[in-house]
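Dear colleague,

Please find below the structure that I am handing over to you. My findings follow directly after it.

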Amino acid sequence: VVYTQSEILQREVYLFERLDSPNREPMKHLKAICFLRPTKENVELLVQELRRPKYSVYFIYFSNVISKSDVKALAEADEQEVVAEVQEFYGDYIAVNPHVFSLNLLGCCRGRSWDPAQLARTTQGLTALLLSLKKCPMIRYQLSSEPAKRLAECVKQVITKEYELFDFRRTEVPPLLLILDRSDDAITPLLNQWTYQAMVHELLGINNNRIDLSRVPGISKDLREVVLSAENDEFYANNMYLNFAEIGTNIKNLMEDFQRRKPKEQQKLESIADMKAFVENYPQFKKMSGTVSKHVTVVGELSRLVAERNLLEVSEVEQELACQSDHSSALQVLILALLPLGSPLWLLVPVPELREVSAVTPHHSLSCSCSLPAQLVSAVVEYGGKRVRGSDLFSPKDAVAITKQFLKGLKGIENVYTQHQPLLQETLDQLIKGKLKDSQYPYLGPNTLRDRPQDIIVFLIGGATYEEALAVFNLNRSNPGVRIVLGGTTIHNTRR
């Protein structure tokens, strides 16, 4: 995710192997650099490796804190004294964007309680992040969430136990870790997206920056899987937060630029200087060619899926349901759109209306399966309904918030497909202004922050989204001096 294979090759690393790969050949002329999570399984695999070493020297790096007993086990196995170095190099998380990280964990809770293994893994991931960023933060958590309080306590325990590791130079304003629960806003992950990165994840799925395009009709062999990374793809870096209409224009400009730079087939290489210029420019042209074909394919597939699934119409209804208090017109549009289809998409209709829809529809498949959608709606309400939420997701009681919403309504919406703003945006806005209520988001321990926070790490138990990543990107940009990092147990799209 953070380093391409070609970049590693430039550092003279020529072979990439997994430690659990069974058929590795002994290569005593090579040195080995091992980068591993300090799990029981990995330590055991290393012990087996060191008893019968395949390489001349081993440099071992663990992505998190390793126990003394595990180091002792490795030392005892290293009878041939091939280990040159053992270090902790904190990177026990996935750096998705420069300001976003994930732990790639799905289903971290059982009901409203942590799965113990997932709690341990999340604690490790969060503490590794703090160590790698050299932060010893004050901790706040969402009071309405028992998992948020539990995680806050576990992180605090590690900081207390490993106090020497967390003994960083003090800053004037201490950093802040804010732990939230996805159940406070179950709406955001269920909405269609219209910015490039979020759209790709919603419609195609992003897995560690890789996109699977194997199902695209007529896809060529070399484009079945592509990498989208802002670190080494300039077009993606410049467009990932732009909306779909802008991306269409920018793709066209990219194509035209590419056509201008294309080496002419009739180009005569008459002199050594001509040949030298061609050879120097060819790699750049080749790279650009790959970038163009990749983004044209991705954007083309997004366009096809938008048309095939009527996503413009669907998204407009979704946004109205999520952002407007009067749902009557949205409900009519929904019923008219779905009745001819006999489609399971009518899950979106609120539970009482489901029965009305099934009563008037002539489609047996629709009326007979009423209990299943009703159960799914009930499950979502049980997870993130009003009784569970600590915040007011839909109707702000605060006078300023009501005024804001009223003015927004008066001015009209610039883009009906992007009216929705995640709850996280409002929460972080309040936090930056020093107005986030201690009664709803208490501090862990007796100390509180007197000044407005500058370094903020916000973590969402149950997963973050790319819509929230965009909100954090914009908050970082519009608040100089404030640095926000967003993390989650996973990065959601609707399917996840």
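**Strand β9 and its neighbours**

Strand β9 is joined to strand β13 (residues 455–461) by 6 bridges, and the two run parallel. Please bear in mind that this is a predicted model.

Together with helix α5 (residues 146–161), β8 and β9 make a β-α-β unit, which is left-handed.

How many of the residues of β9 are buried? The count is 6 of the 6 residues (176–181), so the strand is largely enclosed by the rest of the structure. In a regular strand, side chains alternate between the two faces of the sheet. In β9, Leu-176, Leu-178 and Leu-180 point one way, while Leu-177, Ile-179 and Asp-181 point the other way, and all are buried.

**Helix α16**

Helix α16 (residues 423–432) is mostly covered, with 7 of its 10 residues buried. Which residues of α16 are buried? They are Leu-423, Leu-424, Thr-427, Leu-428, Asp-429, Leu-431 and Ile-432. An α-helix has 3.6 residues a turn, so residues three or four places apart point the same way. Just after α16, Gly-434 takes a positive phi of about 75 degrees.

Yours sincerely

How values were computed. Residues numbered from 1 in each chain as written. Predicted model: local features only at pLDDT ≥ 70, side-chain atom pairs only at ≥ 80, totals over all residues. Heavy atoms only, no water. Buried < 20%, exposed > 50% of the residue type's maximum accessible area, 1.4 Å probe, protein only. Helix = DSSP H or I, 4+ residues; strand = E, 2+ residues; numbered from the N terminus. Right-handed = clockwise from strand over helix to strand, strands pointing away. Pairing = 2+ DSSP bridges.
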